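User: Please take a close look at one part of this model and describe its surroundings. After that, go on to other places in the chain with computed details.

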Amino acid sequence: MKALVLVTGGRGGSDFFQGLLDSHEQILQIPGILRINNEFLEIFNSRNNNEISEKFIKFVPLIFDSRQNKLERHDKLGPKKNQHYRVDKKKFNFYFEKLSKKKYLNKLAILENLYKAYYLASNRKIQKLKLILLHTHTVDYTKKLFLFEHINNCTIIHTMRHPINALQSPVINWLKFKQGKVFFPKDLYFQKDLAVNGIYDLLNFNKKMYIILLENLIHNKKKVMREFCKIFEINYTENLMNCTYFGKQWWGDQISGRWIGKNIKKQKNQNLNKLKDVFFDSDLLYFKGLTHCIIKKYFNENIQIYKNKFYCKFAPTKAELLVWKNTFKHKKIKHLLSIPYFYLKRIFFLNSFFIKKRILPHSIGSKK
């Protein structure tokens, strides 16, 4: 079975794209992110099938009762936002034991059987499956996945958006979410590095890779999904036009602070008018200069690069000032001490010298 590894850029729509694939009978997946951490790795240290399945349940408990998944709002699915899904754990254990009769299975085969057992326990068929979707979400989890198991038959799907919006949206949403209690200098640097270098970091894995732009998913969804099906030789159905989990309408996560649903196009246009809340004019020059290859390739914009503008590179950006203010507000000593470190790291490492020019992959649903 061919593996699709789904990785996102800053608020790049990976959950939205995964929801569009929810009801496809040829794609095997579990809801949400597959975090490749120590708890995940510990699952595969076991040799007993029952122990493996029990550890998997403890690793991803939210997929067995979505009422607990309040961050992604899987507790508020359906047209009236009052539905959820549940999967019987005993059935899951039973089907995993049944699928795992072979004594010697590699780690990827065990993971595939865990996914299949989840499908069977939720009364879904597995006979027509051709692809397995592994939503690793971040570059770091993706790297750990490839260290965990060598995967030959694999393609990376990178969902992303315009680099400026990929910086603007996380800053606005994370500073608003829980009054900014989880967004500090290290988190801002992560988002900046992801917008500037994320696509190049993924290319370093030397896997077949495609881009899916959030802008295209919003404005040209059918074109994107038709080409996606053609590339991976699976059937196109109209269900691919609906973002669901277990066939129930998904409305977006808590972080966005709004109910997207069918009004996602309107909300996106509203966000485009908020650039000045996050960027000084000099910031826009700076970040557009760093990402000009991406912007030119996927958005047909020619960027004039101001190499000699000293303040563009060394002056604190508006986003940094906002995050520093937030850090002082919450009086987090550790994060306060990190302010100069991540400020200097941004100056020295987020510049054109460290960005290696590479041939950028095709964007599904567009001519690029």
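What is the relative accessibility of Glu227, and how does Glu227 count on that basis?

Analyst: The model is predicted, so local features are given only at pLDDT of at least 70 and side-chain atom pairs only at pLDDT 80 or more, while totals for chains, interfaces and linings use all residues. Numbering starts from 1 along each chain as its sequence is written, and side-chain values use heavy atoms, with hydrogens and water left out.

Glu227 has 22% relative accessibility and therefore counts as partly exposed (buried is under 20% relative accessible area, exposed over 50%, partly exposed in between, with a 1.4 Å probe and protein chains only). Glu227 sits in helix α10, which spans residues 221-231 (helices are DSSP runs of H or I with at least four residues, strands are runs of E with at least two, and both are numbered from the N terminus). Apart from neighbours within four places in sequence, Glu227 contacts His362, Ile364, Gly365 and Ser366 (contact means heavy atoms within 4.5 Å). Between the C-alpha atoms of Glu227 and Ala315 there are 43 Å, at a separation of 88 residues along the chain.

The loop between α10 and β6 holds Tyr236 and Glu238. A polar contact of 3.3 Å links the side chains of these two residues, Tyr236 and Glu238 (a polar contact is a pair of N or O atoms within 3.5 Å; within protein, one must be able to donate a hydrogen and the other to accept it, and residues adjacent in sequence count only if both atoms are side-chain atoms). Glu238 has 45% relative accessibility, so Glu238 counts as partly exposed. With residues up to four places away in sequence set aside, Glu238 touches Lys222 and Arg226. On that basis Tyr236 touches Lys222, Met225, Arg226, Cys229 and Met241. For Glu238 and His24 the sequence separation is 214 residues and the C-alpha distance 10.0 Å.

Phe246 belongs to the loop that joins β6 (244-245) and β7 (248-249). Phi of Phe246 is positive, about 55°, although Phe246 is not a glycine. Phe246 counts as partly exposed because its relative accessibility is 22%.

Strand β3 (residues 131-137) contains Thr136, and His137 also has its place in β3. His137 is a residue other than glycine with a positive phi, near 75°. Thr136 counts as buried because its relative accessibility is 0%. The side chains of Thr136 and Thr142 form a polar contact of 2.8 Å. Beyond four places in sequence, the residues touching Thr136 are Val5, Leu6, Val7, Ile33, Leu34, Ile36, Tyr141, Thr142 and Leu145.

The helix packing around α3 comes next. The axes of helix α3 (residues 49-59) and helix α4 (residues 89-99) come within 9 Å, crossing at roughly 140° (axes are lines fitted to C-alpha atoms, for helices over the stretch in contact, and angles run from 0 to 180 degrees between N-to-C directions). The two helices α3 and α4 are therefore oblique to each other (angles under 35 degrees count as roughly parallel, over 145 as roughly antiparallel, 65 to 115 as roughly perpendicular and the rest as oblique). From α3, the contact uses Asn49, Asn50, Ile52, Ser53, Glu54, Phe56 and Ile57; from α4, Lys89, Phe92, Asn93, Phe96 and Glu97. Five of the residues in this contact of α3 with α4 are nonpolar, four polar and three charged (Ala, Val, Leu, Ile, Met, Phe, Trp, Tyr, Cys and Pro count as nonpolar, Asp, Glu, Lys and Arg as charged, and the others, Gly among them, as polar).

Helix α5 (residues 107-121) also packs on α3: their axes come within 11 Å and cross at roughly 65°. That makes α3 roughly perpendicular to α5. Ile52, Ser53 and Phe56 of α3 meet Ile110, Leu114 and Tyr115 of α5. This contact of α3 with α5 divides into five nonpolar residues, one polar and no charged.

Ser100 is in the loop between α4 and α5. With 4% relative accessibility, Ser100 counts as buried. A polar atom of the Ser100 side chain lies 2.8 Å from the backbone oxygen of Phe96. Leaving aside neighbours within four places in sequence, Ser100 contacts Asn49, Leu105 and Asn113.
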